[in-house]
Amino acid sequence: MNGISNEELNMFWKSIYETLKDKAVGVMSSHAFDTWFSDLHLAYLDENKAVLATPKALARSVIMKRYEKLVTDSVREALDSDCTVELICDGPSQEAPAHESVAYKELKDTKHDAFEDRFSSDSGEDFSGDGFSEDSANSVDYSLYSDIAMPKSSGINPAYTFDTFVVGSSNQMAYSCCKAVADDPHGSRTFNPLFIYGPSGLGKTHLMYAIANEVLKKHPDLTVICTKSEDFLNELLDCMSKKKMAEFKAKYRRVDMLMIDDIQFISGKPSTQLEFFHTFDALIEANKQIVVTSDRPPKEMYTLEERIKTRFTQGMIIDVQPPEYELRLAILRKKAEKGNISIPTDVITFLAERLNSNVREIEGAIKKIGAVSFLSGKPITLEMVKSSIPEYFRENKPVAETVDTILEVTARKYDVTVEEILGKSRVKNIKTARNMAMYVIKTVLGLSLPAIGRMMNRDYSTVHSNIASIEKEISIDDKLSSEIQEIIAEVKNS
C-alpha cells in the first residue's frame, strides 16, 4: 500500500468511515458523531501505519481523548490489519494571526501557553492521559498579558442583595459565610474557595450575586465576574477554536473575584475541567476569591476530577436547606410586600404550611395569586387561592411509591421488568436500565447512596460506580441525556 494514490486513499477511507459509523451507534449521538468526525479523512496509508487527519485542532483533541480506541478498532477492522493508527491536525498554521495581540504572540513564541499547545497539530502530546504539563502551566508569566485590557465586572444581577435575602435557620450559615466573604473580598484563607450547594430554588445564586454587589459597592475598583459554568464552557470552546486563549486567560486569571454558578455542569468535560483547574490555582495563589455554587457537594460529583474536589475542600463548603415553616412565612410576607399584594393572614399561614419545596415555588405562587386577583378584580381569599393555584397543593407521593414509579417507567423504557432491574443480570439493556433507575432516583428524590443501595439491593460502592458511569455517558451522549429527561418527565406526571 506504499505510495498509494488519493483515489485509493478515498476508497479505503469510505470503508473505514462506514465501519466507524457502525461502531459509533450506541456510543454517541448522531449529532456528536457529525460534530467530531465529519471532517476526518485518511491522509496516509502504508503496510504499517494509517494516518487520519482533521482540520480542527479541537476535534483532534476530543477524538484522542474520548474516542481513540473506537477509531483505532474501526481502522484495523476495515483494513484487516494491525497497523499503527495516528491522528493529526492538518488545518491552517497554528501561528497567531497578524491582528492578534502582542502578548498572545509572545506567549506562543516563549511556549508559555501550555493549554493552546495541548491542542496544536505538532505538539506531539500523549493523549492517553491529561496531555498537559502542570509545571509549564504554573510557570506562565502573567505579565505577558499586560497589553490585554482587564475585563469589566460582569454577569451580576443588581436586584439580588443581602437586604433582599430572607434569613432563617436553614440558610443562616450560608448567609453568614457569604457576608464574611463580602466583608473581606481579598481571598480569605478560611472562605476561599467558598462552595455553596443545595437543591434548586433555595437562594444560592441570590447569595452569590449579593456578595458581588456588596463587594462592588465597597470596592468599585475591584473586578468581579459572575458566570454560569455553561457560559464558561462555551466561551472556552469559542476561544480555543479562534486561537484566543490568551484573551480567555487574561479575563479569568486576573480578576479579583471569580464566581461560577452551577459548577456541577463541568463534570465529565475534561477540557473545561483542565482550564478551570489552572484558573483556580492561579487565582488562589494570587489570593483572589473564588465562589461557586452547585446542586450537590463535591464528593457527589462523580465525574469531577479528584484534584478539583480536593481544592474545593481547602476552603468552606456550606449547604442551603429547604426553608423551614418560619422562613417560608417570612418569605411569603416579604414577596407579597414587594409585589404590593395584600394577602390576609389566614392565606399566608395556609400557603406557608403547604409550600414547602423551595423559594422559587413560593415566589411563583405569590405572583399567580396576585395576577388572578388583579385580573378578576376580586380580593384574595382562602377559597380563591385553593381554586386558582391547585397545582401547588398536590400531595407529594411517599418516597417508596415514587421509587416504584421510577422503576416501572424505566423498565418500560428499556423493555425489561422491574424484577430484572433489581436482579443480578448483566445483560446490556438490563444493566443500562438499572443504572438509569439509580441515576433518576438520585436526581428526583435526592436520596443518599446507601438509601438507594438498600432500595436496589446493592451496596454503596456499586451505586456510586453505576451513577458515575451514567453521568460520564450523558456528558458525551445527547441521546442518553434525552432518555433521562423523558423518564423524569413521565415520573413527575404520573
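Is Asp261 buried or exposed? Asp261 is buried, with a relative accessible area of 2%; buried means under 20% relative accessible area, exposed over 50% and partly exposed in between, with a 1.4 Å probe and protein chains only. This is a predicted model, in which local features need pLDDT of at least 70, side-chain atom pairs count only at pLDDT 80 or more, and totals for chains, interfaces and linings use all residues. Residues are numbered from 1 along each chain as its sequence is written, and side-chain values use heavy atoms, with hydrogens and water left out.

**Chain overall**
- The chain has 23 helices and eight strands, taken as DSSP runs (helices H or I, at least four residues; strands E, at least two) numbered from the N terminus.
- Of the 494 residues in the chain, 49% are buried.
- Among contacts (heavy atoms within 4.5 Å) with a separation of 6 or more, 74% are between residues 24 or more positions apart.

**Asp261**
- Asp261 lies in strand β6, residues 257-261.
- Its side chain makes a polar contact with the side chain of Thr205 at 2.8 Å; such a contact is a pair of N or O atoms within 3.5 Å, where within protein one must be able to donate a hydrogen and the other to accept it, and residues adjacent in sequence count only if both atoms are side-chain atoms.
- Leaving aside neighbours within four places in sequence, Asp261 is in contact with Thr205, Met208, Thr227, Lys228, Ser229 and Thr293.

**Cysteines**
- The count of disulfides (a pair of cysteine sulfur atoms within 2.5 Å) is zero.
- Cys177 is in no disulfide, and the nearest cysteine sulfur, that of Cys178, is 6.9 Å away.
- Cys177 is buried at 2% relative accessible area, and Cys239 is buried at 11% relative accessibility.
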